[in-house]
Amino acid sequence: MTDITIALSKGRIFEDTAPLLKAAGIIALDDPESSRKLILSTNRANVHLIIVRASDVPTYVQYGAADLGIAGKDVLIEHGGSGLYQPLDLNIARCRMMVAVPEGFDYDSAVRQGARLRIATKYVQTAREHFAGKGVHVDLIKLYGSMELAPLVGLADAIVDLVSSGNTLKANNLVAVEEIMPISARLIVNQAALKLKRDIIQPVLDAFSEAVKQ
Ligand code: PRT
Ligand code: MG
């Protein structure tokens with residue numbers, strides 16, 4: 001029997017994906033939040049889940065170590081998407097990619113005056129394209145997390161980060177000044193696996209697509 005492997009990250013992606021998996025008849029036998037296992041069995045003997053870092057999901061699928069995966073658009077843009085088929089926006093784990101600055105920083109006039117802005121972000125690719133498109137000169141400073149801190153300690157003028165409730169910005173006296181794009185998670189599929197294992201992958205794609213419509 002052909003096996004398939006689906007790469008997921010724990011936290012919000014897993015939580016939002018579990019109902020979609022269920023609609024496809026797939027139920028994890030362990031809870032990734034409490035289990036330390038990185039390979040989870042499911043109620044279907046030939047379907048396995050692997051739990052990886054959110055930003056590593058496209059890499060596992062690109063190289064065929066997983067046949068399918070679920071990753072945020074933010075992660076897919078930074079990865080570049082090579083070797084990946086992206087058939088479906090799952091409309092889960094939604095948020096917005098925003099530019100944010102400290103309260104009181106006049107972003108609009110800084111941009112108007114052609115000032116060179118220092119931008120701290122984990123999303124260097126997305127930020128580079130965004131500011132290039134506006135003709136704004138920026139120095140990008142790559143961080144791996146807690147971007148909100150950077151403007152507070154003088155590392156950057158602004159940040160590019162994901163915002164959902166806005167509470168993190170507010171708690172750090174930052175304000176969103178520009179939306180770059182809405183973000184949601186997508187299903188990704190290894191292109192070779194789709195050809196070789198279509199009989200088992202296609203029904204999963206169909207079930208996901210039905211579940212997303214509802
Ligand atoms: O946490 P880790 O470093 O392992 O990786 P990760 O942060 O990439 O993974 P995870 O599980 O936190 O996020 C997985 C995916 O969820 C992301 O790739 C996004 O596509 C999506 N998503 C949706 C979010 C958010 N909403 C979100 N709010 N990812 C991160 N955040 C963070 C944001 O970076 C900021 O620090 O939450 C904070 C803001 O939240 P609010 O509610 O205070 O605005
Ligand atoms: Mg996180």
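**Close-up 1. Surroundings of H79.** H79 touches P58, T59, Q62 and L84, leaving aside residues up to four places away in sequence; contact means heavy atoms within 4.5 Å. The model is predicted, with local features needing pLDDT of at least 70 and side-chain atom pairs counting only at pLDDT 80 or more, while totals for chains, interfaces and linings use all residues. Residues are numbered from 1 along each chain as its sequence is written, and side-chain values use heavy atoms, without hydrogens and water. H79 is partly exposed, at a relative accessible area of 23% (buried is under 20%, exposed over 50%, partly exposed in between; 1.4 Å probe, protein chains only).

**Close-up 2. Polar contacts of the H79 side chain.** The side chains of H79 and Q62 are joined by a polar contact of 2.8 Å (a pair of N or O atoms within 3.5 Å; within protein, one able to donate a hydrogen and the other to accept it, and residues adjacent in sequence counting only through side-chain atoms on both sides). The two residues are 17 apart in sequence, and their C-alpha atoms are 9.9 Å apart. A polar atom of the H79 side chain also lies 2.9 Å from the backbone nitrogen of G81.

**Close-up 3. The face of domain 1 towards domain 2.** Domain 1 covers 4-93 + 184-213 and domain 2 covers 95-182, with bounds from an automatic or database domain assignment. Six residues of domain 1 and 10 residues of domain 2 make the contact. Between the domains, three residue pairs are in polar contact, both residues at pLDDT 80 or more.

Definitions and conventions: Chains lettered and ligands numbered in written order.
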